[in-house]
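Please look over the sequence and the model before reading on.

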Amino acid sequence: MDYNSTLSWMFSQLPMFQRQGKTAFKKDLTNSIALSKHLNFPETRFKTIHVAGTNGKGSTSHMLASVLQEAGYKVGLYTSPHLKDFRERIKINGEVIRKIDVINFIKKNRLFFEMNSLSFFEMTVGLSFEYFAKQKVDVAIIEVGLGGRLDSTNIITPEVSVITNIGLDHTQFLGETLPEIAFEKAGIIKNEVPVVIGEYQDEIFHVFEEKAKQCKSTLFLASKNIKEIYQSDLKGIYQQHNIKTVIQTIEVLNSKGYIISNDNLKNGLNNVVKNTGLLGRWQQISENPKAICDTGHNKEGLLYVLNQLKGEKYDKLHFVFGVVNDKELSTILPLFPKEAVYYFCKPEIPRGLDAKELQQKCAAFNLVGNAYSSVSEAYKNAKLATNKNDLVFIGGSTFVVAEVV
């Protein structure tokens with residue numbers, strides 16, 4: 001198989017949460033453990049940092065990778081989902097995995113995948129672990145895909161576990177309350193491995209304290225411990241929480257023998273996009289008209305984004321908006337600006353919510369606009385309708401942003 005047919009097989013043959021949603025979710029690590037054994041335990045041959053959380057785990061992972069690169073380490077980075085190309089999920093020092101490495105991995109292990117009914121996510125995690133081991137990375141930042149305790153990545157024993165924050169997202173898998181979700185995220189805390197918690201949340205902090213105590217793990221609360229933060233090229237206001245989390249994590253790594261200077265830290269935070277290729281975090285994609293996109297998609301993430309929008313100066317806001325079909329719209333639509341003009345669209349994935357259905361649901365919250373046949377059509381019409389001092393914002397779903405960056 002060539003690269004495109006390899007990807008087609010991965011996407012269509014096996015469950016993939018990104019495209020299918022709930023039917024692709026497995027509450028079990030059996031396959032991940034079996035694949036690790038089949039590959040001769042690649043995740044034991046390099047050091048790791050494990051990053052979980054409802055919001056900010058992608059930005060935090062990229063920031064950490066950038067800082068470690070500035071300090072001279074060979075850094076693997078595993079994240080999900082991808083925006084444009086599957087290979088964005090697996091990088092070393094900002095360079096995506098080669099197509100031939102993806103092809104060869106699937107070709108070599110396809111029979112095992114088929115016999116064991118592995119999911120898209122399980123085999124992608126296996127690919128990243130084998131790739132990082134073969135390339136002899138010094139350390140790899142591993143972002144949790146969904147939850148933590150039963151996530152396919154949770155077979156590693158990291159240098160430090162990082163949990164950014166907890167919000168109500170993926171409740172159909174992780175629980176209906178914040179403490180239930182926190183319990184799943186706390187599942188990445190390992191025996192005697194230090195843990196960094198990004199934000200203090202009164203309702204759930206005890207969950208992390210109890211888990212850390214059980215595991216004899218030292219717990220660090222970044223929002224309390226870190227007083228001074230540095231600038232970053234990731235410009236969202238919400239990144240301040242992530243920057244504190246990164247600074248705390250770097251302090252923990254230095255206490256374990258890593259050599260990361262303050263200059264490395266500052267330069268890493270200021271060159272995240274250049275060093276790692278991160279896309280879609282409060283990213284300006286056009287100057288005239290001014291157009292900004294952001295991948296924030298759950299209640300907490302959207303709240304940060306919508307608050308930042310209030311700080312922008314414009315005459316009229318044009319909002320290109322699309323979501324997936326399992327989104328709890330009643331929890332997020334009250335947050336949206338009623339004075340904006342909306343351009344409803346469906347991201348080009350099976351889970352995308354029909355644009356006309358989204359339009360109808362939004363009308364109940366006095367969010368008014370037209371429905372369009374695609375994200376690109378919605379964006380094109382938004383740009384055509386703008387005047388000189390207007391602003392176009394594109395968001396609601398990672399998959400909507402993926403089609404414009």
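**Cavity, histidine and sheets**

The lining of the largest cavity consists of Ser32, Leu35, Ser36, Leu39, Glu43, Glu122, Val125, Gly126, Phe129 and Ile155. The model is a predicted one. The points below take the cavity in more detail, then turn to a histidine and to the strands.

**Cavity**

- The count of cavities of 30 Å³ or more comes to one.
- The volume of the largest cavity is about 60 Å³.
- Two helices, α3 (30-38) and α6 (120-134), each contribute at least two residues to the lining of the largest cavity.
- Helix α6 gives the most to this lining, with four residues.
- Sorted by class, the residues that line the largest cavity are five nonpolar, three polar and two charged.
- Rolling a probe the size of a water molecule over the atoms shows where empty space is left.

**His62**

- His62 lies in helix α4, which spans residues 57-70.
- His62 has a relative accessible area of 5%, and it counts as buried because this value is under the 20% cut-off.
- With neighbours within four places in sequence left aside, His62 is in contact with Leu77, Thr79, Lys91, Val272, Thr276 and Leu278.

**Eight-stranded sheet**

- Eight strands form an open sheet with mixed pairing, in the order β4-β3-β2-β5-β1-β6-β7-β8.
- The edges are taken by β4 (95-96) and β8 (219-221); each has a single partner strand, so one side of each has no neighbour in the sheet.
- Within this order, β2 stands next to β3: strand β2 (residues 75-78) and strand β3 (residues 90-92) run antiparallel and are joined by three bridges.
- Tyr78 has Ile90 in β3 as its bridge partner.
- Strands of a sheet pair through backbone hydrogen bonds, either parallel or antiparallel.

- Strand β11 (residues 317-321) pairs with strand β12 (residues 341-344) in the parallel sense, over four bridges.
- Val320 has Tyr343 in β12 as its bridge partner.
- Strand β12 also runs parallel to strand β13 (residues 369-371), and three bridges join the two.
- Tyr343 stands opposite Asn370 in β13.
- From β12 the chain passes through helix α16 (residues 355-363) to reach β13, a β-α-β crossover that is right-handed.

Technical notes. Residues numbered from 1 in each chain as written. Predicted model: local features only at pLDDT ≥ 70, side-chain atom pairs only at ≥ 80, totals over all residues. Heavy atoms only, no water. 1 Å grid on protein atoms, 1.4 Å probe; cavity = no way out; pocket = protein on both sides within 12 Å on 5 of 7 lines; lining within 4 Å. Points joined across faces, edges and corners; volume = space filled by probe spheres on them. Nonpolar A, V, L, I, M, F, W, Y, C, P; charged D, E, K, R; others polar. Buried < 20%, exposed > 50% of the residue type's maximum accessible area, 1.4 Å probe, protein only. Contact = heavy atoms within 4.5 Å. Pairing = 2+ DSSP bridges. Right-handed = clockwise from strand over helix to strand, strands pointing away.
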